[in-house]
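Please keep the model open while reading.

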Amino acid sequence: MKEQIQSSSPTAPPTEGVRQETKSAVKDAFADAWLAKERGAKICYTYVLGPIELLRSFDIHLVFPEISSAQMAAKKTALPYIQKAEDYGYAADTCSYVTADVGLYLSDMKHPLGRVPTPDLVLNDTLCNTYYKWSEITQDFHKCPIFTLDHPVRMARKNYPYDLEALYREDRAYVVDQIERLIATCEQLTGQKFDMDRFRANLDLANRMGALWCEIIDKTRNRPSPFDAVLEGYNYMGGATTLKGTEEGVVYLEKIKGDIDQRIEMGVGPVPEEKFRLLWMSAPCYPYFRKIPEMFHKAGAVFVYTPQFMQPTRGTYRMQQYDLSRPLESYAECLMDYFHARNPRKPPQWSMGWVGGGGEIDNQLQLMEHFGADGIVYHAIKSCRMNSGSLADFREHVSRRGVSILMLESDIADPRFFSEAQTRNRIDAFMEGLAEKKLLRSQSVGHA
Amino acid sequence: MLDKPKPTTADIVKKCEDLFTDLSFAAAREWKEEKPGRIVVGFLPYYAPRELVHAAGGLPLGIFGGGDQLEVIHGDAYYQSYICRIPRSTIELGVTGRLDFVDGMMFPSICDVIRNLSGMWKIMFPTKGSRYIDLPHNFVDDLGGEFYRSELKETCDWLSGMTGRPITDDAIRASIAVFNENRRLIREIYQLRSDQPWNVPSSELYVLLRAGMVIPVEDHNRILREYLDSVREQTRPMKDNSRVVICGMFCEQPPLNLIKSIELSGCYIVDDDFILVTRWENSDVRLEGDPLANLASAYLHDSKSTPPKYEPDEAKKGLYLVDSVRKNRAEGVIFAMTSFCDPGLLERPILQSVLKKHGIPQIAFKYAENSGQMQPIREQAGTFADSIKLWSGA
């Protein structure tokens, strides 16, 4: 991860402190996991929106398979793992996070950043349909138990003849019940009694991190933007997710905030002269993590937001905070709101990959306005049908509202799905179009 | 008055083939026009609570993509490259007006593409109903069962919103009864095919099932009875084919030629996952008591295992295929999965490993609903059939 968190431009101030923090949070994660295992802690594999704060209240050490695969990809080491999984029987046209992970299982758990301990528990959730297949695969290799947290998925249903609030209460009770069963599972796994105060303290830390995170991601509204939402933002997010609900996480984000404030004070950003501001939809192409944003930087374009920034705050409301006076219920709400029609999806935000119908188009327009963006880049990922399965459709609808959109196709982990020349051509053409559009607009303003 | 002559097997199959290849859905349109106030509600594979649409006085209409005859022109504009074909052709059906008579659509939680398609449908066809059917991943009665019951209740409310009439418990019970009959007849045909695969070709069985997706269930029951009567009266030549189970065709549909090619290559298909909604429940759904709770319970405890469905019990994982092989005296399994199908392709290696442990031969290939080149598949399946005959101890 080292090279990824360096500022992309000599104009930005040094980021050594943040870099070290991210390094310890992400790079040393496996070494920390082994230390935890030696102390007798149990290892749980969970996905990035899983019930992290709850698991941590049992001293369970967390390994994030998605982050592990992303690390392989960012270090340009994922392909041999993916190919190992393909030799075993996995198809190239499925999720490469999963196939990279299977490659790890088939490589005696030897990850480029260290050996990964096997799980004592897999925490499955139903955010995406691949998760539960992935959990079953992990179980097949490691013979460990799975706990499944089933999120009710309610589409935007405002026109339906029923009481949405009553339904919400029913759904919340369903999730609370599952959380209580998860608590019993964790008690049995660890031999530790559930400590509500400790859980509440973790939620409090998560609240503080959430508030800091929301401040950070809004700072790209400054001109120039103090950081690139893809190049630097995803690193910040990796650290924030890994450290969620911890004191270290709070310190980590405070450092990032301080660093960014310093850049704002100096008036510097990722490029010497910011000419264009763009939104990035979907996850990055980790095997070419620097290359793609830098192609935009060359034209003076900076990414100012990605909806994936909602991940450290559970992907729902901006500034959604846990209510510490009713921790289990509030926790259930945060786990389920991402997919619930009751979620008002207040702007400026956009739920990743989730098409509830209609509101998402307005939300993207509001994001454009909030961040003063000139266009949107949709990154359609081979691996992730949830994130990118509707991007081409959105391109149709959002472009009709006058928004300049570029659609790129590649993958989160598999480098074979990236074509540098083709990507560069498309980016160059898009940036030329944006420049022309800007020129014409300034000329028409001048004439007026 | 002379009795109406009994239809021959060929007549029945021809009628069914005409029904399933008709992408204007003329039969469903006619049904709707016969009586004012009728509704037609589409549903995608692999499972949907058809009984509720029927109880609302509606016609559940299976939308299983555009097949190999539909040229997808508009649909490709709504999807990037790495997406399977069924959502593209479904959109094509929508934007070309072929579904203009459909009042609402149900999208089951089979995968992320279909989940998102439910939202895209709302944006593209704002005057039509679009409902995502969230199936439980928790199989405990008072948790996942309660949740699913609530989902079914909400589906009833949604349907009532279209008809302006509430759906009574008695109406749901009556609908469950008629669908129980449908499932019984289909199970009977499956059993007959397993016993005498030379008499019940899978290409015939497939079109019989597909026809049932576009006509009222009562009509389908009549056709199924006629087919059973007809096929029992005839004897077709038995071939020295290998008996195989097909796995992977639960969502995007195979071209009919693909099924024929597998059969022509020397395989008798003795079990499969074609049109699972027609036999999702393994036995009759109970009629006594709360009908929604009965449907929920049948889903949780008495439904088919298939790649998109989460299996919470590791010990049972994949055993349904082994059971199917044993029960149907099959000699091997053909995995035929759709390109870009996450649930199928991520499940396949686990299933292959289970089969391997049980010494069951297998092959795998991929297809799309518009696959045109059957020769490689015929060669692969033929070689598999030959290898079973030559070397398998089965």
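Strand β1 (residues 43-46) of chain A runs parallel to β2(A), and three bridges join the two. Strands, like helices, are DSSP runs numbered from the N terminus, with at least two residues (E) for a strand and at least four (H or I) for a helix. Two strands count as paired if DSSP finds at least two bridges between them. Within this pair, I43(A) has H61(A) in β2(A) as its bridge partner.

The model is predicted: local features need pLDDT of at least 70 and side-chain atom pairs count only at pLDDT 80 or more, while totals for chains, interfaces and linings use all residues. Residues are numbered from 1 along each chain as its sequence is written, chains are lettered from A and ligands numbered from 1 in the order in which they are written, and side-chain values use heavy atoms, with hydrogens and water left out.

The pair β1 and β2 belongs to an open sheet of four strands in chain A, in the order β2-β1-β5-β6, with parallel pairing. Because β2 (61-63) and β6 (146-149) of chain A each have a single partner strand, they stand at the edges, and one side of each is left without a neighbour in the sheet. From one strand to the next the twist averages 25 degrees. Helix α2 (residues 29-38) of chain A packs on this sheet, touching β1 and β2 of chain A, and its direction makes about 145 degrees with that of β2(A). Contact means heavy atoms within 4.5 Å; axes are lines fitted to C-alpha atoms, for helices over the stretch in contact, and angles run from 0 to 180 degrees between N-to-C directions. Helix α7 (residues 129-142) of chain A also packs on the sheet, where it touches β1, β5 (121-125) and β6 of chain A; its direction makes about 165 degrees with that of β5(A).

Another open sheet of four strands in chain A has the order β8-β7-β9-β10, again with parallel pairing. Its edges are β8 (301-305) and β10 of chain A, each with a single partner strand, so one side of each lacks a neighbour in the sheet. Strand β7 (residues 276-281) of chain A pairs with β9(A) in the parallel sense over four bridges, and L279(A) stands opposite I376(A) in β9(A). Helix α14 (residues 359-370) of chain A packs on the sheet and touches β7, β8 and β9 of chain A, its direction making about 145 degrees with that of β7(A).

Turning to the interface, 70 residues of chain A are in contact with 58 residues of chain B. The two chains bury about 5300 Å² between them, 53% of it on carbon and sulfur atoms; buried area is the accessible area (1.4 Å probe) that two parts lose on being put together, summed over both. Six salt bridges are counted between chain A and chain B, each defined as a side-chain nitrogen of Lys or Arg within 4 Å of a carboxyl oxygen of Asp or Glu. E136(A) forms a salt bridge with K317(B), with the closest N and O atoms 2.9 Å apart.

Some backbone features remain. The peptide bond from R223(A) to P224(A) is cis, with omega near 0 degrees, and P224(A) is found in the loop between α9 (196-218) and α10 (233-242) of chain A. In chain B, a cis peptide bond joins P45(B) and Y46(B), with omega about 10 degrees.
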